[in-house]
Amino acid sequence: MNMGWCYDLLVWFADTFVLRGTLRKLRDHAADLAQLQPGEAVLDVGCGTGALAMEAYKRVGTTGQVCGIDPGLKQVARARAKVRRAGFPIDFRVGVIEHLPFADQSFDVVLSTLMMHHLPDDLKRLGLAEIARVLKAGGRLVVADFKRAEEQQSQLVRLGAGQISLQDLPALLSEAGFEHLESEEIPFPRLMRFEGAGIVRAQTRP
């Protein structure tokens, strides 16, 4: 997913004519569930071309801080161009979830939408440990992603780049030291091996 402006065009077309705004609603709902407050520091992991990070900035305001990381050079370049035009001082960087380029306890909130299924299962575990490291004590994590189809629940099938789906995420989050886990389903058209989507919320220990 390193397409830059072509990615934005593809997402707009799919969300407008196929998904009927589902992607935008999912992004906005994730930001709502994060309960972002003015002055907070927020990291968007797998930020793509910056849509969620820009929404986060609108909520934390000029006293807050928003950063985004993505491994795609074109994605990050597109995100930087968009915030320059908007006048938003968001720090977009090329980076990967398993090596977050930030100090311990840097963020109040970490967000991730429709990204985890791109990762092999070992990187999911490493990435969640890294997220726990950069979150402050009591920091909040919101992850939105696709779910495995019900008929595949007892099967070891690939979901994106791995076999672990959103239904398995609470167990991994507990292993990484998160608590206060909450999950909810999100209406989403069935795509390939995905059946709907959902959101998982968690917090680091105070």
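Figure 1. Arg-59 is partly exposed, with a relative accessible area of 25% (buried means under 20% relative accessible area, exposed over 50%, and partly exposed in between, using a 1.4 Å probe and protein chains only). This is a predicted model, in which local features need pLDDT of at least 70 and side-chain atom pairs count only at pLDDT 80 or more, while totals for chains, interfaces and linings use all residues. Residues are numbered from 1 along each chain as its sequence is written, and side-chain values use heavy atoms, with hydrogens and water left out.

**Figure 2. Salt bridge between Arg-59 and Asp-32.** The closest N and O atoms of the two residues are 2.6 Å apart (a salt bridge is a side-chain nitrogen of Lys or Arg within 4 Å of a carboxyl oxygen of Asp or Glu). Arg-59 belongs to helix α3 (residues 51-60) and Asp-32 to helix α2 (residues 22-33), so the contact ties together parts 27 residues apart in sequence. Helices (H or I, at least four residues) and strands (E, at least two) are DSSP runs, numbered from the N terminus. Asp-32 is partly exposed, at 42% relative accessible area.

**Figure 3. Salt bridge between Arg-59 and Glu-55.** The N to O distance is 2.9 Å. Both residues lie in helix α3, 4 residues apart, about one turn of the helix. Glu-55 is buried, with a relative accessible area of 17%. Salt bridges with shared partners join Asp-32, Glu-55 and Arg-59 into one network.

**Figure 4. Salt bridge between Arg-140 and Glu-40.** Their side chains meet at 2.7 Å, N to O. The pair links distant parts of the chain, 100 residues apart, with Arg-140 in strand β5 (residues 135-148). Arg-140 is buried at 18% relative accessible area, and Glu-40 is buried at 11%.
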